[in-house]
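Have a look at the sequence and the 3D structure below. Then read on for a quick tour.

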Amino acid sequence: PSSNFYHYHDNRVLPVGVTPESAEKEGWWFKPDYIINQLNINSAIWSPAHDETLLLDDADKQYEVGGYAYAGNGMKIIRVEVSLDNGTTWQ
């Protein structure tokens, strides 16, 4: 990482309640957990379509989900999880 002033003071997302003054005093600017060096994972599902309803009454019925996931910076997507119950469980 760069030691440039702006790299440390502009490329950060600090927790709510951390002011510039407390960040300076407590060393928040230099904590690696809050730096933005890479793109966040982006993903989209195009199948099933938005608001499409799938009837899953047959246990043997299969549906292929279509979409993409992108991590950026040459990183691999290891897995994609899907929820069928509004996020209560993930598979």
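Here is a short briefing, grouped by topic. This is a predicted model, so local features need pLDDT of at least 70 and side-chain atom pairs count only at pLDDT 80 or more, while totals for chains, interfaces and linings use all residues. Residues are numbered from 1 along each chain as its sequence is written, and side-chain values use heavy atoms, with hydrogens and water left out.

**Layout and confidence**
- The chain has 2 helices and 2 strands (DSSP runs numbered from the N terminus: helices are H or I with at least four residues, strands are E with at least two).
- Going along the sequence, you get the pattern α-α-β-β.
- The average pLDDT (the predictor's confidence in each residue, from 0 to 100) is 80, and 89% of the residues score at least 70.
- Confidence is lowest in helix H1 (residues 5–9), with a mean of 73, and highest in helix H2 (residues 20–26), at 89.

**Inside and outside**
- Of the 91 residues in the chain, 13% are buried (under 20% relative accessible area; exposed is over 50%, partly exposed is in between, with a 1.4 Å probe and protein chains only).
- Tyr63 sits in the loop between strand E1 (42–47) and strand E2 (66–70), and counts as partly exposed because its relative accessible area is 35%.

**The salt bridge**
- There is 1 salt bridge in the structure (a side-chain nitrogen of Lys or Arg within 4 Å of a carboxyl oxygen of Asp or Glu).
- Its partners are Arg79 and Glu81, at 2.8 Å from N to O.
- Arg79 is exposed, at 62% relative accessibility, whereas Glu81 is partly exposed, at 39%.
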